[in-house]
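Here is a report on a two-chain complex. It starts with pairing terms, then takes each chain and the contact in turn.

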Amino acid sequence: MSLARRMLLASILLALLVAGAFAALMFAVSTLRDANEREAHSKDVTAATLQLEKLVVDMETGLRGFTLTGNKGALQPYTAARGELPQRLRVFVGRAFAEPDQGRRAALISQMIGQYVRGYAIPVIELVHESPAAARSAPVTLEGKRQTDEIRARFDRFLAEENELAREAASSAGSRSDQALAVGAVGVVASSVLIVLFGVLLGRAVGRPVRAVASGANRLAGGELSHRLPTEGPGEIGELTRSFNAMAEEVQRGHDELELRNAKLRESERLKSELITIVSHELRTPLASVLGFTSLLLQRDFDPQARRHYLGIVDAQARRLAALLEDFLDVQRIEDGRLELAQEAVDIALVLDEQAELYRAQSPKHRLLLELPERPLTVRGDSNRLAQVVGNLLSNAIKYSPEGGVVALAGGTGDGAVRVSVRDEGLGIASDQQSRIFTKFFRGEAGASGIGGTGLGLAVSREIVEAHGGRIGFSSKVGAGSTFWLELPFAGAPAVKSSEQGRSGTERKETQP
Amino acid sequence: MSSAAARPTILVCDDEPSLRELVRAVLGEDYVYAEAADGRAALTLARDVEPDLVVLDLMLPIVSGIDVLEQLRRDERLAEVPVIVITAWSHAEASAWTAGADRFVSKPFEPDELIAAVEELLDRGVGSTEPPKSGGAGSAGAGAGL
């Protein structure tokens, strides 16, 4: 869930909590107000009751005095109370009816008072006029007393009830408002705590990752490009750290790319200066012969034999220059992807034969051995280019071998491949240089030990072999010599093989010695 | 030939046969030549032959030309032999002088340039007050070398 949604949810919950606490407090206040009203009402009811009771007492007192004295003046309290009575009754009953039970009691009391007035007081007054003695008799007076006593007893019960009701109402209102106050207080405290907690959590949820991102950005800016942030974290925070990491990734990638490009540039710069050195040396050596001998030939008169000999040297050195140029062009072609290969059936055995012959003639001081099976080693490809590869390997083997050293050239088949190997007993290649041997312009110790060459032969050879779908490799030991080998996909047609086998085998035997 | 014994011996050190031949062709029949194709052979031959002059390529197999030059200068019999350094490594000139070269000729060179250098150095040797070295030892060495 996203941080914004979490915050919204938390805010809503907090708002509900605050609203709940407020409602509880409101409830407490309104309960207390109701209790006050109830108390006031109870006082009103009590007051109305006491006033009514006083009227009843006044009426009984007036009536009693009148019956005893017969004096009309004595009846005055009764008359006054009797006048006031209807209104007081209405007030009493009206107020009492707020409580149904009290209302019923008040109605009974009101009925009993009515009964007393109509059924006792009025007849007694008439009786005083007719027979004062009868009116003064005990039964009559006792009846009045009995009735008023009963009314007053009702009043007492009524008041007691009223008091009880008021007390109950007050006590329940008190406990309810206490509860409400407690709930409200707890709610207020809880929401205060939660608001503080929410603030702290929000600070952590936002502040901490923001600080982490800021410090991460600083470290990144300080060059610590591999620095990453932990990606856990809800919603936007996770998004922020992921974005940060993606940015760091991008920065690092860009940086690495630049670094790589820089390294490549430096390497190509180094290769270029190396190339210039090599070219200047490799070109100068044959050029020195060509220019030196032509100068001599132009300046002096040599006998025809010597002249022919010197011209032969000039020719050979000029060809060497041409071959060198061809090597450079090959490298250029390979780099531009313009190396074009013929697609023809080539018998590698013939190629090996020709090259062995060529190098035997060029380096009579080395012992060049050739070993071939009695069947054609057919591959598909460019015979000139493949001859160039074999020539390179032979030339290297001779160049890095002492005079009189053995160079063994062999061809064969196996695992669907034609395999060629060139073994020498020369200097060998130091193990720390073996991985770079196919790198162009790399010449190992050759430069320092004064062995000529451009460092292009193996690089070009590998390109040619790989363009034929083959592999090239070597094994070497310092001081013991090297064996370079190459494998090309065998393309010999099985049907033709048997018929050609004998023929080409004998042919080769003729050319081999 | 009666003059054969008087001909100065020149040690030509270069791994490139055509360049050794060029030096011989340029300097002609007036000298006796000893040839070496690598640095070790050059040192051995120099001690055997005690040449009157050395033409030295710097880029030699096995022992480099600079090392050959330094060892010649440390050898009491060969320390004074004039050495012409002849190389395609034009940037090696400074180290050649330091190692004790008398002349520096860069490849490719004009025939006259080499001839002039050789004659100058040998004339100086002949004209100097050390006839035993260039004359006696040289001719004796030449005989042994060939």
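Two strands pair if DSSP finds at least two bridges between them. Helices (H or I, at least four residues) and strands (E, at least two) are DSSP runs, numbered from the N terminus. With those terms set, L409(A) stands opposite V422(A) in β5(A).

This is a predicted model: local features need pLDDT of at least 70, side-chain atom pairs count only at pLDDT 80 or more, and totals for chains, interfaces and linings use all residues. Residues are numbered from 1 along each chain as its sequence is written, while chains are lettered from A and ligands numbered from 1 in the order in which they are written.

## Confidence

The predictor gives the complex an ipTM of 0.77. Its pTM is 0.49. The per-residue score is pLDDT, the predictor's confidence in each residue, from 0 to 100. Chain B has a mean pLDDT of 77. In that chain, 81% of residues reach 70 or more.

Within chain B, strand β1 (residues 9-13) has the highest confidence, at a mean of 91. Helix α6 (residues 131-145) of chain B has the lowest, at 38. Over residues 126-146 of chain B, pLDDT stays under 50. The model has 30 contacts beyond four places in sequence for that stretch; two residues are in contact if their C-beta atoms, placed from the backbone, lie within 7 Å. Where pLDDT is low, the predicted coordinates should not be read in detail.

## Chain A

Chain A comes to 11 helices and seven strands. Buried residues make up 28% of its 513 residues. A residue is buried if 20 or more other C-beta atoms lie within 10 Å of its own, exposed if 12 or fewer, and partly exposed in between, with C-beta atoms placed from the backbone. Among contacts in chain A between residues at least 6 apart in sequence, 71% join residues at least 24 apart.

Helix α5 (residues 138-221) of chain A has 84 residues. From its first C-alpha to its last it reaches 120 Å, close to the 124 Å expected at 1.5 Å a residue. The expected span is 1.5 Å times one less than the number of residues. Just after α5(A), G223(A) takes a positive phi of about 100°.

Five strands of chain A form an open sheet in the order β2-β4-β5-β7-β6, with mixed pairing. Strands β2 (367-371) and β6 (471-477) of chain A stand at the edges, each with a single partner strand, so one side of each is left without a neighbour in the sheet. The twist averages 15° from one strand to the next. Angles run from 0 to 180 degrees between N-to-C directions, and axes are lines fitted to C-alpha atoms, for helices over the stretch in contact.

Strands β4 (residues 406-414) and β5 (residues 417-424) of chain A run antiparallel. Helix α9 (residues 383-399) of chain A lies across β4, β5 and β7 (481-489) of chain A. Its direction is at about 20° to β5(A).

## Chain B

Chain B comes to six helices and five strands. Along the sequence the pattern is β-α-β-α-β-α-β-α-β-α-α. Of its 146 residues, 50% count as buried.

The five strands form an open sheet in the order β2-β1-β3-β4-β5 (chain B), and the pairing is parallel. Edge positions go to β2 and β5 (103-106) of chain B, each with a single partner strand, so one side of each is left without a neighbour in the sheet. The twist averages 20° from one strand to the next. Helix α1 of chain B packs on this sheet, touching β1, β2 and β3 of chain B. Its direction makes about 150° with that of β1(B).

How many residues of β1(B) are buried? Five of the five are, so the strand is largely enclosed by the rest of the structure. T9(B), L11(B) and C13(B) cover one side, and I10(B) and V12(B) the other. T9(B) stands opposite V32(B) in β2(B). I10(B) stands opposite L53(B) in β3(B).

| Strand pair | Bridges | Direction |
|---|---|---|
| β4(A) and β5(A) | eight bridges | antiparallel |
| β1(B) and β2(B) (residues 32-36) | five bridges | parallel |
| β1(B) and β3(B) (residues 53-56) | four bridges | parallel |

## The contact between chains

The contact takes 20 residues from chain B and 19 residues from chain A. On the side of chain B, helix α1 (residues 17-27) gives the most, with six residues. That side divides into 13 nonpolar, two polar and five charged residues. Here Ala, Val, Leu, Ile, Met, Phe, Trp, Tyr, Cys and Pro count as nonpolar, Asp, Glu, Lys and Arg as charged, and the others, Gly among them, as polar.
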